[in-house]
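Colleague: I have a chain to look over before the group discussion. Could you show it and take me through it?

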Amino acid sequence: MRLLLSLLMAMVMLALAGAGGLVFLLDHYNQDLPDYTKLANYQPPVTTRVHAGDGRLLAEFASERRIFVPMDAMPRRVINAFMSAEDKNFYEHKGVDPTGILRAVLMNVENLGRDRRPVGASTITQQVAKNMLLTNEVSFARKIKEAILAVRIERAFTKDRIMELYLNEIFLGFRSYGVAAAALNYFNKALDELEIEEVAYLAALPKAPSNYHPERQRDAAVARRNWVIGRMADDGYITAEEARAAQAKPLVVRKRDEQEMVTAEYFAEEVRRELVKLYGEQALYEGGLSVRSSMDPRLQAVATKALRDGLVAYDRRHGWRGPVGKMDGFDAWPKKLAAITPPAGSEGWKLAVVLKDDLADGLDIGLVDGARGKIPMSELRWARAFKDDDALGPTVRKPSDVAKLGDLLLVEPSNGKDEKGKDLPPGSSYALRQIPVVQGGLVALDPHTGRVLAMVGGFSPHMSVFNRATQAMRQPGSSFKPFVYLTALNQGLTPSTLVMDAPFEFNPGGGQPIWRPENYSGQFYGPTPLRVGIEKSRNVMTVRLAQNIGMDKVKALVEKFGITDNLHPYLPMALGAGETTVLRLSTAYAMLANGGKRVVPTFIDRIQDRNGKTIFRHDARPCANCAAPAWRDGLTTPAIPDNREQINDPRTTYQIVSILEGVVQRGTATALLSLGKPLAGKTGTTNDSNDAWFMGFSPDLVVGTYIGFDQPRSLGGSETGGSAAVPIFKEVMTEALKDRPATPFRVPPGLRLVRVNPANGQLAQPGDRKAIWEAFLPGTEPNPDRPQIVLDGSANASPTVIGDPSAPLDPSAGAAPPAAAAQGTGGLY
């Protein structure tokens, strides 16, 4: 009896000691546990997707490739498979499963010496605690912390919330975070399309995805998958017959389909920068944003090709810089050629090696796939050696003048012709290509909304990610002039006002040399209508005009149109000596095209968060009935207010648009007449031909183009905006306006259209075949009874105020200049 009592006391003491030890351990490891309550608001990192205007995918940004699936959308078969594989009692236990622990201990003891994998006992809740709150450290301490956190998590959250966190957070290999991403990456299926054997394979992966790789560890992967299928049958989720059928199937992995994507790296990068600016990098790479961009994929493809074609055309005019490399020895030349990395920027072209250079009719070339072809002489004659931007080497007379045996060339398939003009066999002819050194940028936007429909930042993003459309600050040259002339129109001048085109001198003072601007032609033309100053891009007229109206007024208007933030009010700035970007200048031209309404350029139409809530919309106009489900079935179309700010009088804005139409009809962009559509625009060429521009538009589309070197230097003395940039604009507009009606520019109310002679600004006479319709504010049209006024604006003349600069939008701004303006030695007389 005494012995029994002693044993009982010993057991009680041991129990108390064990309990005390447990309390001590729990208290010890409870000191530095992470805050499990943050799981209440936890949202796993999800991929941000950017879509083009037609819904196709443009780009994805993610730190982890994950697709989040809420619990109520999770297929039951998926949940059952993971419960069978990882935690069959998930919905019964309180975070830790004592039954599971005991079963695991017994099985591991039974498996001793059998070389079988030890069975774990971590519940799904414990795995959530480990994966999201702890480290992967293998230690007794971590297991205790894991158990404590699991119990607390179970008290704080529902079972469904814990399962949702688990299935969306777990890493399953193949760069897959969460079951939805894994289903796509392993089987190219959505979760609800998975078969039993496929679901079982995914459920087999959590412990160690690399140990069950479907190709490198196929036998182990199939065995583990079949084990999960067996557990699913044991747990009653599938029948024995379904289990046998699933276990008999092979493990087949299907590559994920390539999503139909739009390729526009410069545009995508601009959207990425905007998103970072709006929400920060974490939201971009983890926030699961859904972004609808403004890009029109068709127009973007046209713009990309047009800019590349324009840069290549310019480059060909300036000669051949030689092969891209050399191959020594021709043994196994296809293998050698395949091992050579093509130069950046050559995408879309092929790398070739010259195999024969002694033929009379062209170069014999070999391609990477072992095929052979020919570059005929007709495709080689352009390749005169480059000397400098204004000089070329001798005429190409034989193929070896261009390339020699072993030279590596870039080529593109072409429909070539031999020297007699006969077509060469299809697939055998190639054109010689060269990566341009010159660069450029292009922007196409909707003038009514500011939506950027296409944007190209250079010849190739693989050469440089620097965006010449949005980041490059360049002098716009003469494409800036319309805003000087618009300022003059706002001050009361008319398109027929005569401006003296004669030698002009300006003394800037401070010991600086006298400035004597000249016209591109080097000639002077006397009194000339203001319209012609734009159409023929007369520099001296522009400077006189700016001198007379005052550069302070030009500065105010230019900054209001957003061309630059702080224009220096010096006369050379009137000729475009300041700096701006293609995007900013294109936006300014958009505000001319839309009648003087402010628009803000945007690459993004709408942004939704991971839950589908719209958090950004570019078009913020109110529309009370737009969401009405049946407005098409009889309700009046919703009226959406136009809340754009009117920044310039629509009448004078139209006058400058009409003048810019004249640039296409009679001026420096007559190459566009063949399109047969109403177009307006302005060429721009800077000093020494460093930059070439064309800013043009139809009534509903603005396209701005720029060409120049990243390290500014001359494009060549014969290169201008008309020769280098206009062809790019023309290629874009040819496709953009194809099959569209010839919509005329919209004339606002409050103008009088009068027939005038554009050469002298006077009323047209009977039989005058060159007469045009000119727009005038009432009371300013030419009058044969009133002598013409010539604007001199000499450098030594005192400035004359024309109109009321404090109220440029007032109708009285269009009145004729006051009589006082005709007095004195300068100004108007």
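Modeller: One cut-off first: a residue counts as buried when its relative accessible area is under 20%, and as exposed when that value is over 50%. Please also keep in mind that this is a predicted model.

Colleague: Understood. Is Asp691 buried or exposed?

Modeller: Asp691 has a relative accessibility of 6%, so it counts as buried. The residue lies in strand β19, which covers residues 691–698.

Colleague: What does Asp691 touch?

Modeller: Leaving out residues up to four places away in sequence, Asp691 touches Arg474, Gln475, Gly684, Thr685, Thr686, Tyr706, Ile707, Gly708 and Leu715. Leu715 is 24 residues from Asp691 along the chain, and their C-alpha atoms are separated by 7.1 Å.

Colleague: What about the chain overall? How many helices and strands are there?

Modeller: The secondary structure comprises 21 helices and 23 strands. The chain has 829 residues, and 50% of them count as buried.

Colleague: Let us turn to the helices. How is the packing of two helices described?

Modeller: Two values are used: the angle between the axes and the distance between them. For α7 (residues 179–187) and α8 (residues 196–203), the angle is about 120 degrees and the axes are 11 Å apart. The two helices, α7 and α8, are therefore oblique to each other. The crossing of α7 past α8 is right-handed.

Colleague: Which residues make that contact?

Modeller: From α7 they are Val179, Ala182, Ala183, Tyr186 and Phe187, and from α8 they are Glu198, Tyr201 and Leu202. By class, the contact of α7 with α8 has seven nonpolar residues, no polar ones and one charged.

Colleague: How many of the residues of α7 are buried?

Modeller: Nine of the nine are buried, so α7 is largely enclosed by the rest of the structure. The buried set is Val179, Ala180, Ala181, Ala182, Ala183, Leu184, Asn185, Tyr186 and Phe187. Their cover includes α2 (76–86), α6 (159–169) and α8.

Colleague: What follows α7?

Modeller: Asn188 follows α7, and its phi is positive, near 55 degrees.

Colleague: Back to α8, then. At what angle do α8 and α9 cross?

Modeller: The axes of α8 and α9 (residues 218–234) cross at roughly 110 degrees and come within 8 Å. The pair α8 and α9 is therefore roughly perpendicular. On the α8 side the contact is made by Glu197, Ala200, Tyr201 and Ala203, and on the α9 side by Ala221, Arg225, Val228, Ile229 and Met232. Seven of the residues in the contact of α8 with α9 are nonpolar, none is polar and two are charged.

Colleague: Which residues bring α15 and α17 together?

Modeller: I will give the geometry before the residues. Helix α15 (residues 481–490) packs against helix α17 (residues 539–549) at about 40 degrees, with the axes 10 Å apart. That angle makes α15 and α17 oblique to each other, and α15 passes α17 in a left-handed crossing. The contributors from α15 are Lys481, Val484, Tyr485, Thr487 and Ala488, while α17 supplies Asn539, Met541, Thr542, Leu545, Ala546 and Ile549. The contact of α15 with α17 is made up of seven nonpolar, three polar and one charged residue.

Key. Residues numbered from 1 in each chain as written. Predicted model: local features only at pLDDT ≥ 70, side-chain atom pairs only at ≥ 80, totals over all residues. Heavy atoms only, no water. Axes fitted to C-alpha atoms, helices over the stretch in contact; angles between N-to-C directions. Helix = DSSP H or I, 4+ residues; strand = E, 2+ residues; numbered from the N terminus. Parallel < 35°, antiparallel > 145°, perpendicular 65-115°, else oblique. Left-handed = near helix turned anticlockwise from the far one by under 90°. Contact = heavy atoms within 4.5 Å. Nonpolar A, V, L, I, M, F, W, Y, C, P; charged D, E, K, R; others polar. Buried < 20%, exposed > 50% of the residue type's maximum accessible area, 1.4 Å probe, protein only.
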